[in-house]
Amino acid sequence: MRDLQQLERLSSTAALGLWAEDVILALDRAARLHVSSEVDSEFLQGAAAILDAARERSEEPLAISVSSKALAATDTALDVAESLAGGGSSEQTRATLEEVARVLREAADGALGDEPEQRINAALDFFSAVGRNQLAASNSLSGANRGSRSWMATPTTLSSF
Amino acid sequence: MDGNPNDVELLLSSARQEIASLEGDPRFKPFDGKRGEALRDHVLDLIGAAEHRLALDPGTGAPPSVSQSFSRTLRESILMLRAAHAAMPWLAATRSPSVNLGSLYATEECAEILVGKEVDLVVVPDVEFMYSTISWPFLPVTNDTPGFTPRTTRRPIILHYPLSDGDRLLLHPLFAHELGHAAAQQFALVDKVNSALAEDSEFVGALTKAVELMKGTWTVSEVKVTGTILAWLRDWIEELLCDQMAVEVMGPAYLWAFAGFVLPLGYHDKHPAYPPVTVRIRLMLDLLLARGWQPYMEEAAPHISSWLIEVGEDAEQPLSQPYEFLRQQILNASDLLRDTVAAQVGGGTLSPVTAVEEAREASTLLKSLILPVGESYPLEPRSIMLGGWQEAVRAHEDRPEGLVAALSDRRLQDLVGKAMEMSVVSSSWRKP
């Protein structure tokens, strides 16, 4: 793989990881302060929308995603939700995504109140899993493991002949 | 455990050191001119995004999962800051460009047509024997940092070319394909094609069948099979859009350069990210035919033209699935691809109506080893390139071997490059 493609993939991979960590930090602020800033609120709503898109893809597998960014983000969200659902049914995967999205929306609206920690922790666990996966992927792209890739890890954007 | 105070202390120090290292690099000093300035600003944006995140320390009272998250944020940021050192040789290259000046001017003209005026073009030789490009290398990180606003608005585009090809001017129409990637990203061209395909019931029906077929082979979920096939299709579409943009702005010179560089790499091969070369050539020929280039191609290179038509006909050969699905859908969507590109390129198309006469003049002058700038007025640089190819094929024979031999003709390519440079300079003087 050429260096420029490697850098392109690293940026996209790291950005997705940072997105997950940004969600965790914003959710933590909302949980502790019982209110979200305008920036956090908008960001958490956006994150919830991505989880909705992932759930919709699970409901309609043949739906055509228009953007590659949406494809990558929803792919990752689905992988993590499936894994957290213990590789269980699609219904369990969708329920996980729906519940995490609900927590994010409540946080965005400053409506978490005195939520049971369990719900918030489940959402934090979800994004921690995304963040860990992405950090491992970033390292494999930038370090000694360059070039190793699974059959699914096809770059979505290539920029040479 | 990661995220504890010692871990965070180490990470914060490391991130700050990486920032200082970038800022202290002598190649990172501010520019006098515009070239390289946007790339430098883009790196500054990456540093700004990292600094923004460094300030989000949740503190010692945070739950362990949140502290760990902050430590991962820092680790991802450090990885990106280290990766940003890749930009230093690019910045150095903008201060002393090594690519032929005439070619650089012509490439800048193509960049303006395909991407727009707000472009910072950085052309850099690379040890890899490949042409490649990246623009906004750190954009996913800089633009998706909540609460941080990047300052760069001018698009930095880095073009890599093989070290050996700095003076192999006849291959430089390939730069237009690379610029196509920046245009495809800037104007979301693949998304436009995808939107149209999503509305096409025949396409959706074929996709359904392909997914059903591959579910049995790949043994993963339907969502993953669909996602993978569509991601591959996206890559094929982008490559073909870039080919079509390059043909629009460079005419047959792109096809001939492509044949000289890419045909030695593959023929009707299956690849997730690249359509077979046969399919690419087929679509290029269809576009050239539609634009009225056929008579000129048959005049300038009749044997090479008929050979390439045969190559294009091999695009009809079936492939194994899911590549067969991709091949068929791409051939079905050729009009859609062409229309998408035509709408994008607009008046920037190189038309045979004006370019053929200029190319003939350039070719005639080159035959006498005269700098082909133009006898009565400066010829358009892209016409000079075309004339360069015409004369190269005449001098080295109208056959595949001649196409390759032309690339070794340094004298001819030096004249082409110098003429393109003089043409741009002369035209600039003539402008009121």
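**Entry 1. α7 and α10 of chain B**

I began with a helix pair in chain B of this predicted model: α7(B) and α10(B) are oblique to each other, since their packing angle is about 120° and only angles over 145 would count as roughly antiparallel. I noted 8 Å between the two axes. I recorded the crossing of α7(B) past α10(B) as right-handed.

I then listed the residues that meet. From α7(B) they are B:Ala176, B:His177, B:Gly180, B:His181, B:Ala183 and B:Ala184. From α10(B) I have B:Glu238, B:Leu241, B:Cys242, B:Asp243, B:Met245, B:Ala246, B:Val249 and B:Met250. By class I get nine nonpolar, three polar and two charged residues in the contact of α7(B) with α10(B).

**Entry 2. α7 and α5 of chain B**

Next I followed α7(B), residues 174-186, to helix α5(B), residues 101-114. Here the packing angle is about 30° and the axes are 9 Å apart. The two helices are therefore roughly parallel to each other, the limit for that term being under 35 degrees. I again wrote down a right-handed crossing, of α5(B) past α7(B).

On the α5(B) side, the contact uses B:Thr107, B:Cys110, B:Ala111 and B:Leu114. On the α7(B) side, I found B:Phe175, B:Ala176, B:Leu179, B:Gly180 and B:Ala183. I sorted these into seven nonpolar and two polar residues, with no charged one.

**Entry 3. α10 and α11 of chain B**

I went on along α10(B), residues 222-250, to helix α11(B), residues 252-261. I have an angle of about 130° for this pair, and 6 Å between the axes. The pair is therefore oblique. B:Ala246, B:Val247 and B:Met250 of α10(B) make the contact with B:Ala253, B:Tyr254 and B:Leu255 of α11(B). I counted six nonpolar residues in the contact of α10(B) with α11(B), and no polar or charged ones.

I looked up the strand order of a three-stranded open sheet and found β1-β3-β2 in chain B, with mixed pairing. Which strands stand at the edges? They are β1(B), residues 119-126, and β2(B), residues 132-135; each has a single partner strand, so one side of each is left without a neighbour in the sheet. I noted an average twist of 20° from one strand to the next.

I then checked one strand pair. β1(B) runs parallel to β3(B), residues 155-162, and I have eight bridges between them. Among the residues involved, B:Leu121 has B:Ile157 of β3(B) as its bridge partner.

Two helices came up against these strands. α5(B) packs on the sheet and touches β1 and β3 of chain B, its direction making about 135° with that of β1(B). Helix α4(B), residues 87-95, lies across β1 and β3 of chain B and runs at about 105° to β1(B).

**Entry 4. Two backbone details in chain B**

I found a cis peptide bond between B:Gln321 and B:Pro322, with omega about 5°. B:Pro322 is in the loop between α14(B), residues 302-313, and α15(B), residues 323-332.

I also noted B:Thr219, which has a positive phi of about 45° and is not a glycine. B:Thr219 is in the loop between α9(B), residues 201-218, and α10(B).

**Entry 5. Domains of chain B**

I took the domain assignment of chain B: domain 1 is 5-172, domain 2 is 188-285 + 316-346, and domain 3 is 352-430. The C-alpha centres of domains 1 and 2 of chain B are 30 Å apart. Five residues of domain 1 are in contact with six residues of domain 2. The domain 1 side of that contact has five nonpolar residues, no polar and no charged.

**Entry 6. Chain A against chain B**

Last, I looked up the contact between the chains. I have 47 residues of chain A in contact with 54 residues of chain B. Which helix of chain A gives the most to the side that touches chain B? It is α1(A), with 18 residues. The elements of chain A that each supply at least two residues are α1 (3-33), α2 (38-59), α3 (68-84) and α5 (117-142). By class I recorded 23 nonpolar, 16 polar and eight charged residues on the side of chain A that touches chain B.

Key: Residues are numbered from 1 along each chain as its sequence is written. Chains are lettered from A and ligands numbered from 1 in the order in which they are written. This is a predicted model: local features need pLDDT of at least 70, side-chain atom pairs count only at pLDDT 80 or more; totals for chains, interfaces and linings use all residues. Two residues are in contact if their C-beta atoms, placed from the backbone, lie within 7 Å. Helices (H or I, at least four residues) and strands (E, at least two) are DSSP runs, numbered from the N terminus. Ala, Val, Leu, Ile, Met, Phe, Trp, Tyr, Cys and Pro count as nonpolar, Asp, Glu, Lys and Arg as charged, and the others, Gly among them, as polar. Domain bounds come from an automatic or database domain assignment. Two strands pair if DSSP finds at least two bridges between them. Axes are lines fitted to C-alpha atoms, for helices over the stretch in contact, and angles run from 0 to 180 degrees between N-to-C directions. Angles under 35 degrees count as roughly parallel, over 145 as roughly antiparallel, 65 to 115 as roughly perpendicular and the rest as oblique. A crossing is left-handed if the near helix is turned anticlockwise from the far one by less than a right angle, and right-handed if clockwise.
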